[in-house]
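Please keep the sequence and the model in view while reading.

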Amino acid sequence: LARARLGRGSQLARVCVISPVVGRPQLAGMPPRSRSSSDSSSRSSSPRAPRQEQIPDAVDHFLGSLLEALKKRSIPEIHKLYEETFNKISIETYKTKKWPSVDAVSNQVSSEPLFLIFYKELYYRHIYSRLQVSFDDRKGSWENYCKLLDLIISDLQEGDDLSVALPPQWIWDILDEFVYHYQTFCTARSKAVKVQKDAEIKVYRENPEVWQTTKVLTYLHQIVRGTKVEAYLANKESDTGGAFTDETTRLLGYFSLMQLLRMHSLLGDYHLAMKTIKCIDIQEEVPLFYKIPACHVTLYYYMGFAYLMMRRYADAIRTFSEILVFLQKTGGVNQMSYQYEAMVKKADQMYALLLISLALSPRTIDESLEKIIRDKHGEKQARLQRGEELCFEELFSYACPKFVSPAPPDFDALENVSAGEAHHRQLHLFLQEMKQQQLLPRIGSYMKLYTAIKTSKLAQLCDMDSDALRDQLMCVMHKTSQKVRTKGAPLDGEPEHCSEVEFYLDGDMVHINANRPERDHREVFMEQIGKFQDLLRKMGKA
C-alpha cells in the first residue's frame with residue numbers, strides 16, 4: 001500500500017503509513033488507535049471467509065475445452081477429451097481424492113446448466129469407481145441423472161434435435177453407470193439393514209424416491225420408445241427421424257435395450273430379459289454392439305447367463321464361447337478406462353459360467369478355450385465333473401450378477417428382512433436344478449463304453465438299484481432335450497437332444513447309439529479358415 005501511494009505523490013506518503021496494529025492507514029504523528037475490549041472480542045469471534053477451492057491449470061484447461069466442445073457439438077474432440085484427458089487426469093491427480101466441487105467449477109469455469117450436468121456425471125462416476133461413496137453422493141448422482149434423462153426424453157418426445165451430441169463410448173458409459181449406481185444403491189441399503197445401522201436406515205427410509213426401481217425402468221423404456229430404435233432394428237428403411245437419422249439417438253435407444261436386459265437379469269426375470277432384446281441385430285455382419293467392447297461383453301454375459309438359468313446349456317456354451325474367443329483375438333477396452341478391470345473380471349466370470357455349463361451338458365468347444373480351461377481352471381473342472389456341490393455353489397456365487405430386490409425392505413419389521421434374499425433365491429433355484437442332473441454325466445460316461453447293456457449291470461456300475469436307474473434314465477431323456485437357437489431372436493429355437501450319447505430302453509436293455517457321426521478333417525479346417533476370414537472382415541468394417 002505504501003509503494004502504491006508513493007507512486008501517487010511523496011506528500012501523501014509522508015502523512016500516511018500502515019498501522020502495525022489494525023492494518024489500516026493512520027495519520028503520521030498520531031498514536032495508533034487502541035482496540036477496545038468489545039472491538040477485540042467482536043473481531044476475534046467473526047468467522048474467516050472460506051478459502052476458495054483452487055482448480056489446477058490442467059483441470060481448468062480440460063474443463064474449458066470440454067465446455068467449448070459441447071457447445072460446438074464436436075464429437076471427435078469430446079471423445080478425445082473424455083477417453084484420454086479425463087482418464088489421465090483422474091489417474092495422475094485425483095487417484096485418491098475427489099475432482100473439484102461442482103460449486104468451484106460453476107464459479108471458476110462456467111455455470112452453463114448442460115455443462116454442469118455432464119461435469120457432475122464425471123464427478124460422481126469418479127467417486128463410484130475409486131472412492132468411498134456416501135448417501136449424499138448416491139442422492140446427488142440420482143438427481144443429476146434425472147435432470148439429464150428428463151432433458152433427453154423431453155427432446156425425443158418433442159421431436160427436436162438432442163440438446164447434446166456425444167461419442168458412442170460416453171453414451172454407453174452414462175447408461176451403464178445409471179444401472180450400476182442403482183445396483184450399488186440397492187446393495188448398500190441391504191447392507192445397512194443387515195448390520196442394523198440406525199442412522200443409515202433412517203436416511204434410506206426418509207428418501208424412498210431415490211433410485212426407485214420403477215423409475216429406473218421407466219426412464220429406460222421411455223428412451224427406447226422415444227428413439228424408435230426397435231422399429232429401426234426391425235426395418236432400417238421403414239421410417240424417418242429418431243434412430244433412423246441421428247446416430248446419438250440411435251445409440252441411446254440401442255444401449256437402453258442392453259441396460260433393460262441387465263436390469264431384468266438383476267431382478268431374476270430371464271424370459272423378460274431375453275424378450276427385451278428380441279430385435280437386437282445379432283445376425284448382422286457388423287452389429288452396433290461392435291462399436292463398444294463393453295457393450296459387446298455385457299450383451300453376451302447376460303444373454304449367456306439367462307440361457308444357463310433357463311436350462312438352455314447348448315446356447316449358453318455357444319454364447320460364452322463366441323465372446324471369449326472374440327476377446328482373445330482383440331484388445332478389449334481401453335486400458336486407461338475405468339471399465340478395464342471390470343471387463344477383465346467379467347471375462348473371468350464367463351469362464352466360470354462356461355465351466356458350469358459344460359459340466360451340466362458336456363460338448364466340444366474351441367481348442368483355444370479348452371487349452372485355457374486345462375491350464376487355468378483344470379482343478380475346478382475336475383471338481384465339477386465329480387459333481388461337488390460346493391464347487392458349483394462357489395463358481396455360481398462368483399460369476400452370477402449381483403442380484404437386487406426390486407422393493408425396499410419393510411423398515412417396520414427389519415427382523416424379518418434377509419439382506420441377501422435375492423442372491424439366495426437364485427442360488428437355491430440353480431442348485432436345485434444341478435442336483436437333479438448330478439448323476440447324468442456319470443451315467444453318460446458308462447454308456448459311452450457300450451452299445452447295449454442291461455439295466456441291472458448299469459445300475460451296479462452307478463451304485464444304485466434298477467428302479468432308481470430307470471428314474472435317472474427318464475431324467476436324462478428329459479433334461480438333455482433342450483431348445484437350441486440356430487437363427488432368429490434369442491428366445492427362438494427348436495428342441496434338440498443334447499446328450500453326448502443317444503439311447504433307448506427296450507425292456508431291461510439299454511441300447512446306445514455308437515455310430516456317432518464324426519466330422520471330416522477338411523470340414524474342420526474349412527470352418528476355422530472361414531471363422532478367421534469373417535473375423536478379419538468384421539474388424540476391418542467396425
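In helix 4, the residues A58, V59, F62, S65, L66, A69, L70 and K72 meet E77, I78, L81, T85, F86 and I89 of helix 5. By class, this contact of helix 4 with helix 5 comprises ten nonpolar, two polar and two charged residues. The model is a predicted one.

**Helix 4 and helix 5**

- Helix 4 spans residues 57-72 and helix 5 spans residues 75-92; their axes come within 10 Å and cross at roughly 160 degrees.
- An angle over 145 degrees counts as roughly antiparallel, and helix 4 and helix 5 are therefore roughly antiparallel to each other.
- The crossing in which helix 4 passes helix 5 is left-handed.

**Helix 7 and helix 9**

- The axes of helix 7 (residues 113-130) and helix 9 (residues 168-195) come within 11 Å, with a crossing angle of roughly 50 degrees.
- That angle makes helix 7 oblique to helix 9.
- Helix 7 passes helix 9 in a left-handed crossing.
- On the side of helix 7, the contact is made by F118, E121, L122, R125 and Y128, while helix 9 contributes W170, D173, I174, E177, Y180, H181 and T184.
- Six nonpolar, two polar and four charged residues make up the contact of helix 7 with helix 9.

- Strand 6 (residues 503-506) pairs with strand 7 (residues 509-512) in the antiparallel sense, over four bridges.
- D506 has M509, in strand 7, as its bridge partner.
- Two residues lie between the strands of this hairpin, and G507 takes a positive phi near 70 degrees there.

**K228 in its loop**

- K228 is placed in the loop between helix 11 (213-227) and helix 12 (229-234).
- Is K228 buried, exposed or partly exposed? With a relative accessibility of 33%, K228 counts as partly exposed, because that class lies between the limits of 20% and 50%.
- Apart from its neighbours within four places in sequence, K228 is in contact with D239, T240, G241, A243 and F244.
- Of these contacts, F244 is 16 residues from K228 in sequence and 7.9 Å from K228 in space, C-alpha to C-alpha.

Conventions
Residues numbered from 1 in each chain as written. Predicted model: local features only at pLDDT ≥ 70, side-chain atom pairs only at ≥ 80, totals over all residues. Heavy atoms only, no water. Buried < 20%, exposed > 50% of the residue type's maximum accessible area, 1.4 Å probe, protein only. Contact = heavy atoms within 4.5 Å. Axes fitted to C-alpha atoms, helices over the stretch in contact; angles between N-to-C directions. Parallel < 35°, antiparallel > 145°, perpendicular 65-115°, else oblique. Left-handed = near helix turned anticlockwise from the far one by under 90°. Nonpolar A, V, L, I, M, F, W, Y, C, P; charged D, E, K, R; others polar. Pairing = 2+ DSSP bridges.
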